[in-house]
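Reader: I am new to this structure and would like to be guided through it by questions. May we begin once it is shown?

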Amino acid sequence: MAQAIPSGRRSSLDSLAGSPITSPTSPASPSPYSPTDSISLLDSSSALVLLPSQDDEDSFEFSSDEEHDEHDPQLEIAKLTIPPLPAATVFLYLLAPYLRLGAILMPNGITSLKFGLVSLFVAAALSAFSRNLWFLLARYLRKNTAEDIFFEVIAKGISRTKRRRRERIRRLLLCVTGSLRILMTSMYLRASVDSVYPLLLETLPVQTRLIATLALGLLIFVVSFPKSLAAKQVIYTTWLSIILYTAWLVAALYNHMTGTATPSPVLVQHGVLWNSATSIAFSFATSLTVPLSASLAGQSSTPSHKTERGTYFQMLSILSTVIAALLILPLILTASSPNVSGALSDTRKIIVHLLGASSLLLSIPPVLVSIPPLQVPLAIRRVCKLDLGKATLIFVVVLLSLAPPSMATFLNDLTLLLALCGSYFLPAWAHITIHYFRRPISIVIPHSVPITPQTIHSPSPPQSPDALLQRKERLLQRRRLGRRVLWDVGVWLLLMPISVFGMVWAGGRLVGKW
């Protein structure tokens with residue numbers, strides 16, 4: 001269909017009528033411009049370069065490479081391991097891991113106020129830093145789970161033709177993360193039983209540990225029956241766990257101020273790795289950071305701009321860490337100060353024990369729901385309507401919680417070591433591997449176009465669209481590196497040295513060197 005040419009465009013064409021035109025692929029011709037030249041120019045196979053006008057913004061001014069993604073929103077939501085959640089629910093799941101066993105164990109081993117405050121500040125800062133590392137790695141690699149990030153780090157050099165090997169690595173990563181969560185839930189269940197077992201023993205002088213474990217395991221199975229963290233049953237249970245922790249904190253502080261507070265007998269099987277510092281570090285261990293950030297990004301009520309969504313999640317992460325530190329701080333202050341003389345009644349002691357055990361018990365369902373489901377054959381699923389995969393997980397958790405004391409001590413140490421490595425060391429290792437031992441992901445240049453070692457300040461302007469793209473690519477890569485300098489410094493000078501020192505110390509403790 002013919003279209004009218006604007007007056008400004010007609011004046012430009014009229015001015016060209018009496019001037020010679022030099023084709024980029026042919027020598028200059030002295031003949032004036034003619035319609036046949038126009039047709040030959042339009043039929044030329046040379047590459048066309050779109051040059052913006054002077055009034056437009058500079059084509060090199062891109063704030064971030066993540067702002068120009070064009071993905072199908074429905075497809076991205078279908079790939080999420082956690083369905084899209086509102087900001088309040090994401091904040092709940094960011095805060096809940098901080099207020100579990102590590103926080104409840106904290107009053108038992110702190111003797112110095114200065115050491116406790118420094119440990120609390122360092123653990124909280126490293127936890128917020130490692131969470132932000134997970135978030136930045138997920139956004140850089142466009143992954144929705146930590147397992148996918150590990151798979152990118154480990155299996156990057158394996159060709160896609162070796163699908164079996166890549167699938168084995170992926171299954172191994174899922175098995176490791178699932179095993180850690182199973183160990184953690186079994187430790188929470190064991191600690192809950194240890195907390196209420198003395199109370200039951202006074203009323204029922206029989207072998208009540210097995211009965212209590214089975215009863216609590218059945219309760220966990222009922223509450224953990226949903227298959228997603230978006231289920232209201234899991235959300236309400238997690239809120240109730242935080243409320244019970246707050247009630248336990250108030251009761252413990254009240255007992256400290258009015259009577260002689262006795263330590264809660266949770267986690268009787270202390271291993272060689274458990275002390276005041278490791279309890280604080282364990283209380284700030286993180287989990288589900290990557291899928292929660294992806295879940296928040298998939299929520300329609302969040303800001304539409306991708307950079308704003310990232311800032312929104314970072315604010316929620318920092319806010320959850322600050323609130324957790326404020327809720328743990330009174331325990332450090334009271335643990336390092338002398339108790340007020342007085343008698344502690346049995347009723348107040350029972351209340352403290354029950355509140356701590358209930359908070360730990362109700363913190364198990366979100367961990368269990370986040371475990372990758374076990375594959376059950378289709379024929380068995382047709383016959384049995386019960387979720388056999390979830391039932392098998394609960395059976396393993398109950399079985400591990402009934403382990404003898406020597407084995408329980410080893411399992412507690414193993415859980416602590418894996419949780420701390422996954423929270424502090426692994427994000428630093430993944431950051432270093434991806435950004436220092438992998439080729440940077442291109443921003444504007446397709447993977448099929450090679451990047452030539454051409455300097456930005458070349459004496460002559462680029463003569464091809466590839467050169468323009470390469471110049472833009474180098475400029476954006478420099479800007480990306482500049483934005484990453486602070487995180488590189490934190491990884492090399494803080495997170496990695498502290499993590500390596502902690503692993504060396506843990507290895508020495510396990511082998512009995514110190």
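Reader: In which helix is the place of Thr 289?

Author: This is a predicted model, in which local features need pLDDT of at least 70, side-chain atom pairs count only at pLDDT 80 or more, and totals for chains, interfaces and linings use all residues. Residues are numbered from 1 along each chain as its sequence is written, and side-chain values use heavy atoms, with hydrogens and water left out. Helices are DSSP runs (H or I, at least four residues) numbered from the N terminus. Thr 289 belongs to residues 289-297, which form helix α12.

Reader: Is Thr 289 buried or exposed?

Author: Buried means under 20% relative accessible area, exposed over 50%, and partly exposed in between (1.4 Å probe, protein chains only). With a relative accessible area of 3%, Thr 289 is therefore buried.

Reader: Which residues does Thr 289 touch, not counting residues up to four places away in sequence?

Author: Contact means heavy atoms within 4.5 Å. By that criterion, and leaving aside residues up to four places away in sequence, Thr 289 touches Arg 131, Trp 134 and Phe 313.

Reader: How far apart in space are Thr 289 and Thr 145, C-alpha to C-alpha?

Author: In sequence, 144 residues separate Thr 289 and Thr 145. In space, C-alpha to C-alpha, the separation of Thr 289 and Thr 145 is 8.3 Å.

Reader: Which residues of α6 and α7 make the contact between them?

Author: The crossing of helix α6 (residues 113-141) and helix α7 (residues 146-154) has axes that come within 10 Å. The contact is made by Trp 134, Leu 137, Ala 138 and Leu 141 of α6, and by Ala 146, Ile 149, Phe 150 and Glu 152 of α7.

Methods. Axes are lines fitted to C-alpha atoms, for helices over the stretch in contact, and angles run from 0 to 180 degrees between N-to-C directions. Helices (H or I, at least four residues) and strands (E, at least two) are DSSP runs, numbered from the N terminus.
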